[in-house]
Amino acid sequence: AWSATEGEIWITSPVLMKLADLTDVHLMLADNSRSVDLETELVYVGEGTSADDYEGLDVSGKVVFATGSPSAVAQRAIAQLGAAGLVTTALTHPWA
């Protein structure tokens, strides 16, 4: 297991804006996440845990932005639909 020491998420279009920075809030990056330098589309998928959340959306090779449980979103978006990664606003804890 490892813990990240740095990481950022940027929106580059239509304006340049930092969305998240690990040095600002350490809990923004899940432990054991893999390193990536990627420029791709960010696709909002609502909760992101059910097939209905992805209806009409192509997330393959893209990063999904979701409000649902990171593990459930990862299973649906990455494992099943080929997304490159995920950003979530959900808080999870090892004891939850």
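The model is predicted, so local features are given only where pLDDT is at least 70 and side-chain atom pairs only at pLDDT 80 or more, while totals for chains, interfaces and linings use all residues. Residues are numbered from 1 along each chain as its sequence is written, and side-chain values rest on heavy atoms, with hydrogens and water left out.

**Overall build**

- The protein chain holds one helix and five strands, which follow each other from the N terminus as β-β-β-β-α-β; these elements are DSSP runs numbered from the N terminus, with helices (H or I) of at least four residues and strands (E) of at least two.
- Of its 96 residues, 21% count as buried, where buried means under 20% relative accessible area, exposed means over 50%, and partly exposed lies in between (1.4 Å probe, protein chains only).

**The sheet and its helix**

- Three strands form an open sheet in the order β3-β4-β5, with parallel pairing; two strands pair if DSSP finds at least two bridges between them.
- The edge strands of this sheet are β3 and β5 (85–88), each of which pairs on one side only.
- β3 and β4 pair in the parallel sense over three bridges, and the bridge partner of Tyr 44 in β4 is Phe 65.
- Helix α1 (residues 70–80) packs on the sheet and touches β4 and β5, where contact means heavy atoms within 4.5 Å.

**Lys 62 and its partners**

- Lys 62 lies in the loop between β3 (42–44) and β4 (63–66), and Lys 62 counts as buried because its relative accessibility is 16%.
- The side chains of Lys 62 and Glu 41 meet in a salt bridge (3.6 Å, N to O), a term for a side-chain nitrogen of Lys or Arg within 4 Å of a carboxyl oxygen of Asp or Glu.
- This pair links distant parts of the chain, since Glu 41 sits in the loop between β2 (17–21) and β3, 21 residues apart from Lys 62; Glu 41 is partly exposed, with a relative accessible area of 45%.
- Lys 62 also meets Asp 58 in a salt bridge between their side chains (3.9 Å, N to O).

**Salt bridges elsewhere**

- A search of the whole structure finds four salt bridges, and Glu 8, Lys 18 and Asp 21 are linked in a network of them.
- In the salt bridge of Asp 21 with Lys 18, the closest N and O atoms are 2.8 Å apart; Asp 21 counts as buried at 7% relative accessibility, whereas Lys 18 counts as partly exposed at 35%.

Note on methods: Axes fitted to C-alpha atoms, helices over the stretch in contact; angles between N-to-C directions.
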